[in-house]
Amino acid sequence: LPFPDASFDCVLDTFSLCVFDDPEAAVREMARVVKPSGKVLLVEHQRAGGVLGAYQDLTARAVAPLSKGCVWNQDVKRMARDAGLSEVSAKSVLAGTVTSLNLRKPRTVEGT
């Protein structure tokens, strides 16, 4: 993103991680541009648990070309953790296939 580090109080993304070529890089960029203790709010497709998750894994490759490239079985919480974001709250809906995440970027060691 063409913004300096720590530019925004809040970053919001809805239903786009599934279509990015590198969704992990997108989440890392969100974490980079949000201020320390700032919010990252995501509403995204995710892999459900159990049999439905297995079905998503089995059909993801076939579904993507039919859904504007959406890869619907991603682990969004893992991407957020890997980017250094902390979960404040989470809610899954539609049998676990969609998640709403309220994430926070931790303050730096210096307390900024």
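Mentor: Not counting residues up to four places away in sequence, S100 touches L42, V43, S89, A90 and K91, where contact means heavy atoms within 4.5 Å. Before going further, note that this is a predicted model, in which local features need pLDDT of at least 70 and side-chain atom pairs count only at pLDDT 80 or more, while totals for chains, interfaces and linings use all residues. Residues are numbered from 1 along each chain as its sequence is written, and side-chain values use heavy atoms, with hydrogens and water left out.

S100 lies in strand β4, which covers residues 98-104; helices (H or I, at least four residues) and strands (E, at least two) are DSSP runs numbered from the N terminus. S100 counts as partly exposed because its relative accessibility is 34%, given that buried means under 20% relative accessible area, exposed over 50%, and partly exposed in between, with a 1.4 Å probe and protein chains only. The C-alpha atoms of S100 and R32, which are 68 residues apart along the chain, are separated by 20 Å.

N102 also has its place in strand β4, but N102 counts as buried, because its relative accessibility is 18%. With residues up to four places away in sequence again left out, the contacts of N102 are K39, V40, L41, S86, E87, V88 and S89.

The loop between β3 (86-93) and β4 holds L94, which has a positive phi of about 50° although it is not a glycine. L94 counts as exposed, because its relative accessibility is 62%. A positive phi, near 55°, is also found at A6, again a residue other than glycine, and A6 sits in the segment before β1 (8-14).

As for the whole, the protein chain has three helices and four strands, which follow the pattern β-α-β-α-α-β-β when read along the sequence. Of the contacts in the protein chain with a separation of 6 or more, 69% are between residues 24 or more positions apart. Among the 112 residues of the protein chain, 36% count as buried, and the C-alpha trace spans about 45 × 25 × 20 Å along its principal axes. The radius of gyration of the protein chain is 15 Å, which agrees with the value near 13 Å that a compact globule of 112 residues would have; this radius is taken over C-alpha atoms, and the globule rule is 2.2 Å times the number of residues to the power 0.38.
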